[in-house]
Amino acid sequence: MKEQVWNESFRPGIISSTILYFKDLFVGAKRMSRKDFWWGFLGMTIVMYAIAGLLAFAITKMPIDDFYWSSIIGVAMAMTLGYYWISVFTAIIRRLHDRKMHGWWVLIGLVPVVGELALLVLLCLPQRDFGNNWPKDI
């Protein structure tokens, strides 16, 4: 009999998994299934590019001497990018927890080429449910 795969959202998809990214922005002591991770990653990337594209379009329409509004839009763009990277970082940690690994394995991505490929492979591997200490939900 095939083992049933656990997903935090009952029907992983682009909307439900992206909501998980928003909901669990600062939560790392949890697990995230493979489907939820990749659908949420796609959804967060689309949302981030849409917001950053609108802000970039708005900043190009500013007059050259208008430093006040262009700096506010620049800060909003930096906040959007920061929010995106924090959500992806914590989601990677939750995905590694689903593999029964510690979140410190995210640092393997700092190794230029080999580490990034190894992290990508780790994120694509199936979950390990046997003896996993990380809770499925808080």
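Guide: Let me begin with a term: a patch is made of residues with over 30% relative accessible area and no salt bridge, and nonpolar side chains are joined into one within 5 Å. Please keep in mind that this is a predicted model.

Visitor: OK, which residues form a nonpolar patch on the surface?

Guide: The patch is formed by Ile14, Ile15, Ile19, Trp39, Leu42 and Ile46, which together have about 570 Å² of accessible area. Helices α1 and α2 each supply at least two of the patch residues.

Visitor: Why does Ile14 count as partly exposed?

Guide: Ile14, which lies in helix α1, has a relative accessible area of 33%, and partly exposed covers the range between under 20% for buried and over 50% for exposed, so Ile14 falls in that class.

Visitor: Switching to the inside, what's in the largest nonpolar core?

Guide: That core has 17 residues, and those with the most contacts inside it are Tyr21, Met32, Phe37, Ile92 and Leu96. Helices α1 (14-23), α2 (34-60), α3 (67-98) and α4 (114-124) each supply at least two core residues, with the largest share, five residues, coming from α3.

Visitor: And what does Phe37 touch?

Guide: Leaving aside residues up to four places away in sequence, Phe37 touches Tyr21, Met32, Ala91, Ile92, Arg95 and Leu123.

Visitor: Last one: where is Ala29 found?

Guide: Ala29 is in the loop between α1 and α2, and counts as partly exposed at 43% relative accessibility. Its C-alpha atom is separated by 8.2 Å from that of Ile93, although Ala29 and Ile93 are 64 residues apart along the chain.

Technical notes:
Residues numbered from 1 in each chain as written. Predicted model: local features only at pLDDT ≥ 70, side-chain atom pairs only at ≥ 80, totals over all residues. Heavy atoms only, no water. Core = buried A, V, L, I, M, F, W, Y, C linked by side-chain atoms within 4.5 Å. Buried < 20%, exposed > 50% of the residue type's maximum accessible area, 1.4 Å probe, protein only. Helix = DSSP H or I, 4+ residues; strand = E, 2+ residues; numbered from the N terminus. Contact = heavy atoms within 4.5 Å. Patch = residues over 30% accessible without salt bridge, like charges linked within 9 Å, V, L, I, M, F, W, Y side chains within 5 Å. Areas by Shrake-Rupley, 256 points an atom, 1.4 Å probe, with all protein chains shown as cover. Salt bridge = Lys/Arg side-chain N within 4 Å of Asp/Glu carboxyl O.
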